[in-house]
Amino acid sequence: MSEARTFEDDFAEICGSESPLRVRLAALTGIIRKHGPEFDQAYEALVDQLRLAKAGNTAPNTGDCMAPFLLPDHNGHLVRLESLLGEGPVVISFNRGHWCEYCDLELRAFAAAHAEFARNGARVVSIMPERLEYLRKVGERSNHAFLVLCDMDNSYAMELGLVVWLGARVRELLTGSGLALEKIQGNETWFVPIPATFVVNAAGIILARYVDPDFRTRMDIDEILAVISSTNSQ
């Protein structure tokens with residue numbers, strides 16, 4: 001009799017899949033429901049609460065000018081949005097952290113599409129509220145295919161109206177699973193950004209955006225590339 005598959009087994013299979021990001025994200029939700037129904041229920045309740053509170057509704061919209069930032073990279077070097085835009089369009093992805101399997105899948109997808117973004121003259125930037133030692137691990141795991149910036153205490157995400165609280169039940173479950181978010185973030189707030197994607201042109205104008213309180217969904221890579229390609233052809 002074969003051994004029962006674990007969450008790690010199923011997640012590794014999803015990570016190795018070449019399916020579109022949206023398909024892999026849906027598959028991840030499926031294995032969480034299978035292996036950790038208590039997490040699935042807590043996530044559903046959290047998303048319902050965030051939707052009721054209209055979380056993310058005040059975030060910048062298409063046509064708006066993206067607010068500037070000055071944030072450190074994984075080496076502590078300060079990076080300005082303005083300097084990145086001088087090189088072409090920028091894809092800005094807000095991620096909850098390296099510990100989030102949904103963010104992990106999204107960042108793997110960005111890394112896999114690195115050559116396509118480069119051909120279109122675009123840079124990808126991941127912004128997350130983690131201390132530099134953890135950002136370095138993200139960069140190493142992705143072979144530095146994209147830029148990773150530290151938004152300590154969610155200051156920039158808060159400016160954009162993207163910050164939410166994970167809630168007592170999710171905090172209890174994640175802590176019980178061994179996640180020390182206080183150590184990772186350097187504070188005890190358990191605040192994270194709503195995972196959001198902004199495609200910004202060289203003039204700093206938002207061409208497309210994806211902001212959804214349901215952290216289990218993300219903007220697909222093909223959609224992002226289509227926006228950038230369309231802009232380049234104009």
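Mentor: Rings of Phe, Tyr and Trp (its six-membered ring) are taken as a pair if their centres lie within 6.5 Å; planes under 30 degrees apart count as stacked, over 60 as edge-to-face and the rest as tilted. The structure holds 8 such aromatic pairs. This is a predicted model, in which local features need pLDDT of at least 70 and side-chain atom pairs count only at pLDDT 80 or more, while totals for chains, interfaces and linings use all residues. Residues are numbered from 1 along each chain as its sequence is written, and side-chain values use heavy atoms, with hydrogens and water left out.

One of the pairs is F94 with Y156, which is stacked, at 5.8 Å centre to centre and 25° between the planes. F94 belongs to strand β3 (residues 90–94) and Y156 to helix α8 (residues 155–159), so that distant parts of the chain, 62 residues apart, are linked; helices (H or I, at least four residues) and strands (E, at least two) are DSSP runs, numbered from the N terminus. Both F94 and Y156 are buried, that is, under 20% relative accessible area, where exposed means over 50% and partly exposed lies in between (1.4 Å probe, protein chains only).

F94 also pairs with F198: the ring centres are 6.2 Å apart and the planes stand at 85°, so this pair is edge-to-face. Since F198 lies in strand β8 (residues 196–200) and F94 in β3, the pair ties together parts that are 104 residues apart in sequence. The relative accessible area is 1% for F94 and 0% for F198, which is likewise buried.

Both strands belong to an open sheet of 5 strands in the order β5-β4-β3-β8-β9, with mixed pairing; two strands pair if DSSP finds at least two bridges between them. At the edges stand β5 (147–150) and β9 (206–211), each with a single partner strand, so one side of each has no neighbour in the sheet. β8 and β9 are antiparallel over 5 bridges, and V200 stands opposite I206 in β9.

Helix α7 (residues 132–141) packs on the sheet, touching β4 (123–128) and β5, and its direction makes about 165° with that of β5. Contact here means heavy atoms within 4.5 Å; axes are lines fitted to C-alpha atoms, for helices over the stretch in contact, and angles run from 0 to 180 degrees between N-to-C directions. Helix α11 (residues 221–232) lies across β3, β8 and β9, running at about 10° to β8.
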